[in-house]
Amino acid sequence: MVSSAAGFSPLDALRNEPLLIHHYGNMKWMVVVVVFGAGCIISPVIPIGGNGKSSRELQHDTLSTLLPAQLTAQARWTGEVRVAKLRVWADDEYRAQNLRWEHGFDQELDDANQVMVPMLGVRLAAEYRPWTHHAPGDTLSEHLEALARQDPGDDVPFVVGLTSSLSLVAATFEQIGVANLGGHHVVVRGHADLEERKMFERAFPDLDREEREAALEARRRHKVVAVLLHELSHSLGALHETAPDMVMSPTYSHHAASVGDRNRALMLIELDERLKPAAQRDPRGAAQRKLAALEVEDAGWDATDRAQLIEQLHGEASARAEAAPPGTPIDTPARPATRALKLGTPALDTPATDAPAGGGLAPAARIRYGIPRDGARWKLTADDEPAALAAVRDVLALVNAGKLDAAAKAVAAAEQRWPGLPGLVAERCDIQRQRGAIAAARQLCERAGAQGASSWALYLGGILELRDPSPAATAAGIARLRRAISIDPELGAAWRALGKALDRARATDQLEQLRIDYQARFHASLN
């Protein structure tokens with residue numbers, strides 16, 4: 001339990017972050033992530049009048065230190081980008097808590113791919129399945145075992161299970177992620193931020209609600225994506241790193257930014273092996289390559305993790321080829337007791353930029369989120385573009401979370417800086433659509449589309465047309481969705497919506513071709 005000694009406040013807890021403690025189970029290496037709840041933390045202590053600043057100014061300065069770092073790749077992949085299927089199963093509780101769960105995970109995976117593509121040269125493509133699994137009281141280890149029974153994952157590189165969030169009001173520890181080291185299966189929980197929200201309200205009473213909401217949403221996005229990256233990295237064989245500002249630290253920190261190069265080398269070996277056809281895999285050779293990569297003594301790894309992995313790999317590398325078929329899980333001795341690391345002081349970092357190596361926003365980000373290259377009309381300068389992109393994506397995340405009032409306020413705040421920006425207008429469309437104001441939503445999407453090529457606005461306009469089952473509206477929806485795909489081929493939601501529209505129109509030949517094209521691009525079936 002977090003101490004409630006005099007002088008400790010919600011602000012202290014936010015600076016130090018909830019601890020994420022990992023331990024390994026018997027036999028298979030297992031990573032379990034837990035966080036301290038905040039039920040026993042007392043009222044905030046905020047200095048007033050320091051350096052002549054008002055209470056509001058001091059709170060604003062303090063809040064800026066709590067913004068998360070940009071998740072990024074240290075090294076850059078220079079070869080051809082591969083596609084790896086990630087089959088995602090959402091259990092009963094998760095689907096009940098997240099009504100638009102596929103779209104919400106799409107956004108998380110999009111953020112994760114901003115790291116995975118430049119770091120490993122792989123883009124993860126999700127295939128979604130509902131999971132008839134009702135066990136809200138189970139541990140994540142038990143959920144992981146159930147997921148492996150549900151889907152052995154023999155035909156895909158990754159299998160991810162999504163399960164319910166836990167209330168921080170009731171829980172002292174909250175598990176949020178688990179993975180087998182070098183295994184195909186990962187389970188993560190939904191995000192529960194009730195206590196953190198209350199702490200923000202107490203710690204920053206003089207700040208506008210929109211400012212608090214924007215910071216909370218930025219922290220939420222960083223946390224869920226960092227946890228997903230952490231567990232996927234363990235799945236690819238990455239070990240814990242001792243530096244507190246790394247994604248692979250045993251403790252979560254909102255200023256975690258990247259995975260170390262030495263772990264990247266291990267992950268590339270495992271990924272290359274996993275992406276091969278089963279008949280071409282060489283587990284003994286992969287074990288030998290990993291041993292060579294582990295020869296570096298001072299590489300930032302946890303020393304105990306490294307020693308145990310070396311012992312395991314020596315056994316794997318020296319085993320006879322017929323001892324185990326390709327893909328057999330690697331077992332290891334039991335790990336020592338749970339341990340945790342203290343966190344360093346949070347740092348102020350800038351929002352994600354989606355910038356290509358040559359600078360500026362990536363074309364795909366501009367197209368999807370409605371950030372025109374010539375932004376003078378919207379008071380958008382080149383230096384402003386990363387902040388504008390972050391603002392649009394933050395609003396989208398609020399909409400996905402069902403926080404429509406907060407999303408509307410965030411749009412209004414952003415439009416004070418960039419009035420009428422197409423990406424923000426498209427988000428207004430989405431907010432009105434979610435509220436059932438269909439006529440207003442249509443007008444906003446038309447406006448966003450007329451001002452710039454935004455695949456998201458076209459997608460929204462397409463599904464608005466499809467609310468009307470008439471042949472004319474269906475044809476109009478199909479046309480918009482095709483246009484969205486033509487300018488943004490990676491917008492999977494548009495492909496799936498188009499598939500449903502073609503099915504409604506009984507365009508059998510077109511639907512079959514769409515299925516073929518979707519399989520070729522995303523390495524997944526069009527459901």
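# Loops, burial and a helix pair

Colleague: Happy to look at this with you. Where is K379 found?
Modeller: This is a predicted model, so the answers here describe a prediction. In the chain, helix 11 covers 363-369 and helix 12 covers 385-400. K379 is found in the loop between helix 11 and helix 12.

Colleague: Is K379 buried or exposed?
Modeller: A residue counts as exposed when its relative accessible area is over 50%. For K379 the relative accessible area is 59%. K379 is therefore exposed.

Colleague: What is the phi of K379 near?
Modeller: K379 is a residue other than glycine, and its phi is positive. The value of phi for K379 is near 60°.

Colleague: Let's turn to helix 18 itself. How far apart are its end C-alpha atoms, and what span should its residues have?
Modeller: Helix 18 runs over residues 492-504, which makes 13 residues.

Colleague: How many residues of helix 18 are buried?
Modeller: The buried residues include W495, R496 and L498. Glycines are also among them, namely G492 and G499. Helix 18 is largely enclosed by the rest of the structure, because the buried count is 10 of the 13 residues.

Colleague: How are helix 17 and helix 18 oriented to each other, roughly parallel or roughly antiparallel?
Modeller: Helix 17 spans residues 471-487, and its axis is 9 Å apart from that of helix 18. The two pack at an angle of about 150°. Angles over 145 degrees count as roughly antiparallel. Helix 17 and helix 18 are therefore roughly antiparallel.

Colleague: Is the crossing of helix 17 and helix 18 left-handed or right-handed?
Modeller: The two helices meet through residues including I478, L481 and I485 in helix 17, and W495, L498 and L502 in helix 18. The crossing of this pair is left-handed.

Colleague: How do the residues of the contact of helix 17 with helix 18 divide?
Modeller: Helix 17 brings T474 and R482 to the contact, among others, while R504 is one of those from helix 18. The residues of the contact divide into 10 nonpolar, 1 polar and 2 charged.

Colleague: Now for a charged residue, D110. Which residues does D110 touch?
Modeller: D110 is found in helix 4, residues 101-120. It counts as buried, because its relative accessibility is 16% and the cut-off is under 20%. Leaving out residues up to four places away in sequence, D110 touches R368, Y369 and R393.

Colleague: And A75, how far are its C-alpha atom and that of G260 separated?
Modeller: A75 sits in the loop between helix 2 and strand 2, and it is buried, with a relative accessible area of 17%. It touches P118, M119, D261 and R264, not counting residues up to four places away in sequence. Although A75 and G260 are 185 residues apart along the chain, their C-alpha atoms are separated by 8.9 Å.

Definitions and conventions. Residues are numbered from 1 along each chain as its sequence is written. This is a predicted model: local features need pLDDT of at least 70, side-chain atom pairs count only at pLDDT 80 or more; totals for chains, interfaces and linings use all residues. Side-chain values use heavy atoms; hydrogens and water are left out. Helices (H or I, at least four residues) and strands (E, at least two) are DSSP runs, numbered from the N terminus. The expected span of a helix is 1.5 Å times one less than its number of residues. Buried means under 20% relative accessible area, exposed over 50%, partly exposed in between (1.4 Å probe, protein chains only). Axes are lines fitted to C-alpha atoms, for helices over the stretch in contact, and angles run from 0 to 180 degrees between N-to-C directions. Angles under 35 degrees count as roughly parallel, over 145 as roughly antiparallel, 65 to 115 as roughly perpendicular and the rest as oblique. A crossing is left-handed if the near helix is turned anticlockwise from the far one by less than a right angle, and right-handed if clockwise. Contact means heavy atoms within 4.5 Å. Ala, Val, Leu, Ile, Met, Phe, Trp, Tyr, Cys and Pro count as nonpolar, Asp, Glu, Lys and Arg as charged, and the others, Gly among them, as polar.
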